[in-house]
Each structure stands twice: as structure tokens, then as C-alpha cells.
Amino acid sequence: MSTHAPVWTGEATSVVVPAANGELGILTGREPVLAVLREGTVRITPTDGELVTVDVTEGFVSVDRDNVTVVLESAADAALLGGLGE
């Protein structure tokens, strides 16, 4: 799979990422944030559908106006995740 391909995109009620200083929960209305990620699991709760999990290594997460973007150096499936409450 391309390192520039989305792993998941859509609307979610929450996203939990393994930030460098502990897990970071992201809900609709979250203030903007930029955080470094460590190895762990990203957990996405879509507005419709089942929980999505992606095992990740290093990267970062950016939250801006209810849009979540996770950019990863590598993952079990690949590189970008996005979309919270769009």
C-alpha cells in the first residue's frame, strides 16, 4: 500500500491516539492541538459503524476545526487518518 494512501476517512464521534505523554482523546469541539505520537493503537469511533483500530509507530496528530489528521511514519496499514465531525 502507498505511504500516501488514507487508511480511514469519515465522520467520527471520537478518536483516541497514543500521544508521546499518554493517550489523547479527541472529541468534537476540541481545541486545536498538535502532538507527537508513539507506538500504539489509534482508535476511531465512527458516527455509524464499528470501532476502527490501526496499529501505528511514530508520527503526529493535528486537530483543527473538528478535523483530525494523523500522519504516520508507518502503520499496520499505511499513513493518513482523518475526519471528526465534518
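1. Salt bridges. The count comes to 1 salt bridge, taking a salt bridge as a side-chain nitrogen of Lys or Arg within 4 Å of a carboxyl oxygen of Asp or Glu. The partners are Arg43 and Glu23, at 3.1 Å from N to O. The pair links distant parts of the chain: Arg43 sits in strand β5 and Glu23 in strand β3, 20 residues apart. Arg43 is partly exposed, because its relative accessible area is 28%. The classes used here are buried (under 20% relative accessible area), exposed (over 50%) and partly exposed in between, with a 1.4 Å probe and protein chains only.

2. Basis of the model. This is a predicted model, in which local features need pLDDT of at least 70 and side-chain atom pairs count only at pLDDT 80 or more, while totals for chains, interfaces and linings use all residues. Residues are numbered from 1 along each chain as its sequence is written, and side-chain values use heavy atoms, with hydrogens and water left out.

3. Secondary structure. The chain has 0 helices and 9 strands. Its pattern along the sequence is β-β-β-β-β-β-β-β-β. Helices (H or I, at least four residues) and strands (E, at least two) are DSSP runs, numbered from the N terminus.

4. Burial and surface. Of the 86 residues in the chain, 37% are buried. The chain exposes about 4,900 Å², and carbon and sulfur atoms supply 50% of that area. Accessible areas come from the Shrake-Rupley method with a 1.4 Å probe; for residues, only the protein chains shown count as cover.

5. Contact range. Take the contacts between residues at least 6 apart in sequence: 48% of them join residues at least 24 apart. A contact means heavy atoms within 4.5 Å.

6. Nonpolar core. The largest nonpolar core has 19 residues, and Val15, Val17 and Val61 have the most contacts inside it. Two or more residues each come from β2 (12-19), β3 (22-27), β4 (33-37), β5, β6, β7 (59-64) and β8. Strand β2 gives the largest share, 4 residues. Such a core is a set of buried Ala, Val, Leu, Ile, Met, Phe, Trp, Tyr and Cys residues joined through side-chain atoms within 4.5 Å. In soluble globular proteins, nonpolar side chains tend to be buried together.

7. Val17. Leave aside neighbours within four places in sequence. Val17 is then in contact with Gly22, Glu23, Leu24, Leu37, Val42, Val61 and Val70. Glu23, one of these, is also the salt-bridge partner of Arg43.

8. Asp66. This residue deserves a look. Asp66 lies in the loop between β7 and β8. It counts as buried because its relative accessibility is 19%. Asp66 has no salt bridge, and the nearest side chain of opposite charge, Arg30, is 9.2 Å away. For charge, Lys and Arg count as positive and Asp and Glu as negative; His and the chain ends are not counted. The side chain of Asp66 does reach the backbone nitrogen of Gly29, at 2.6 Å. Asp66 also has a positive phi of about 65°, although it is not a glycine.

9. Arg65. Arg65 is placed in the loop between β7 and β8. Its phi is near 55°, a positive value in a residue other than glycine. Arg65 counts as exposed because its relative accessibility is 73%.

10. Asn67. Asn67 is found in strand β8 (residues 67-72). Its relative accessible area is 31%, so Asn67 is partly exposed. Asn67 and Pro32 are 35 residues apart in sequence and 9.3 Å apart in space, C-alpha to C-alpha.

11. Asp55. Asp55 belongs to strand β6 (residues 52-56). With 45% relative accessibility, Asp55 counts as partly exposed. Its side chain makes a polar contact with the side chain of Thr41 at 2.8 Å. A polar contact is a pair of N or O atoms within 3.5 Å; within protein, one must be able to donate a hydrogen and the other to accept it, and residues adjacent in sequence count only if both atoms are side-chain atoms. The C-alpha atoms of Asp55 and Glu39 are separated by 7.7 Å, with the two residues 16 apart along the chain.

12. Gly49. Gly49 is in the loop between β5 (40-46) and β6. Gly49 is exposed, because its relative accessible area is 66%. The C-alpha atoms of Gly49 and Ala12, 37 residues apart along the chain, are separated by 9.6 Å.
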